[in-house]
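Dear colleague,

Please find below the sequence and the structure that I am handing over to you. My notes on what was found follow directly after.

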Amino acid sequence: MAAALALAERGRGRTAPNPNVGCVIVKDGVVAGRGWTQPGGRPHAEAMALAQAGGAARGATAYVTLEPCAHGSARGPDCSGALAQAGIARAVVALTDPDPRTNGKGIARLRAAGVELETGVLEAEARRSMAGFLTRRALGRPQVTLKLGLSLDGCIALANGESRWITGPQARAHAHLERARHEAILIGRGTLRADAPTLDVRLAGLEARSPRRILLSLHPESGWTSIPAPVNIASLAGVDHLLVEGGAQAAASFLRADLVDRLLLYRAPVLLGGKPGLAGLDLTSLSDAHGRWRLLDSRMLGSDRVEVYERARS
């Protein structure tokens with residue numbers, strides 16, 4: 001299942017409105033087929049893995065990060081039926097599909113075909129892998145990651161506005177990889193005026209995965225998709241993962257609206273005494289600040305440290 005989840009990450013940011021799913025088919029201890037949801041949502045991961053496995057799929061085990069779909073379409077047959085027809089003997093599923101067209105039906109169809117089922121394997125990891133799809137289903141909006149490049153004293157620029165570069169090349173490369181994992185990237189008008197950022201992906205081989213550019217502004221801008229307020233992210237069609245990159249006002253507006261699901265903090269070992277990374281959050285008590293964030297990951301990138309947090313929600 002861990003291998004299937006790793007494959008699923010290849011599709012993240014390119015499959016909306018479909019989930020980014022991974023599938024591994026194993027026969028007699030040997031991987032016979034691998035698949036992940038392709039750009040635009042088709043082929044599905046299971047279809048790709050079955051095509052690779054061919055006849056070896058009969059009697060094999062399929063590891064799938066999301067319940068195989070139970071609804072066909074003009075773009076392809078349903079995956080639960082395809083797995084059953086291929087003769088899969090056992091299916092290991094990480095997560096049930098919340099889509100009402102499938103929810104439980106894919107598993108039921110496989111069981112009815114005599115396929116042995118195991119569910120809930122690495123479920124928490126699968127939820128994080130498909131957080132964009134699940135957030136859109138549950139809340140009607142994209143999953144939002146807020147990215148901040150900060151000094152040790154929480155600044156994003158010198159007092160005179162100079163900000164290139166606070167972090168080193170390894171941290172910046174990691175940030176570009178994160179861009180490639182999102183359908184859209186958002187900044188505020190202040191950042192547009194100060195930096196005129198291109199917001200593209202500048203990693204060899206991933207240039208085509210540059211995200212769609214969103215501007216948080218009441219006034220439209222040529223070449224940008226503009227939204228007037230954070231709540232309007234719900235209207236961004238085809239966007240399940242949104243990366244908010246700046247600046248201090250835009251970041252604070254999303255935090256005040258409680259629309260940030262994931263924090264991505266890059267900390268450089270420098271002190272700037274300059275412009276703070278966040279505008280006011282309107283907190284009236286320290287108790288309101290505690291218990292909101294869970295640390296998921298922390299590691300060194302050259303001389304910088306990246307920390308990843310997720311919003312603690314009920």
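This is a predicted model: local features need pLDDT of at least 70, side-chain atom pairs count only at pLDDT 80 or more; totals for chains, interfaces and linings use all residues.

R127 and E123 both belong to helix α5 (residues 123–129), where four residues, about one turn of the helix, separate them; helices here are DSSP runs of H or I with at least four residues, strands are runs of E with at least two, and both are numbered from the N terminus. Their side chains form a salt bridge at 3.3 Å, N to O, the term being used for a side-chain nitrogen of Lys or Arg within 4 Å of a carboxyl oxygen of Asp or Glu. R127 is partly exposed at 43% relative accessibility, and E123 is likewise partly exposed at 31% (buried is under 20% relative accessible area, exposed over 50%, partly exposed in between, with a 1.4 Å probe and protein chains only).

Residues are numbered from 1 along each chain as its sequence is written, and side-chain values use heavy atoms, with hydrogens and water left out.

Across the whole structure, the search finds 23 salt bridges. One of them joins the side chains of R313 and D261 at 3.2 Å, N to O. R313 lies in the segment after β15 (304–311) and D261 in the loop between α9 (248–256) and β12 (262–267), so this pair ties together parts that are 52 residues apart in sequence. R313 is partly exposed at 35%, whereas D261 is buried at 10%. Both residues also belong to a network of salt bridges that links R141, D258, D261, R311 and R313.

A further salt bridge connects the side chains of E310 and R294 at 3.2 Å, N to O. This pair links distant parts of the chain, with E310 in strand β15 and R294 in strand β14 (residues 293–301), 16 residues apart. E310 is buried at 15% relative accessibility, while R294 is partly exposed at 40%.

Finally, I turn to helix α4 (residues 105–112), whose buried residues are G106, I107 and L110. Seen down the axis of α4, they fall within an arc of 100°, so they line one face of the helix; the arc is taken over the directions from the helix axis to the C-beta atoms. These buried residues pack against α3 (79–86), β4 (90–93) and β5 (116–119), contact meaning heavy atoms within 4.5 Å. R111 and A112, on the other side of α4, are exposed. Just after the helix, G114 takes a positive phi of about 85°.

With kind regards
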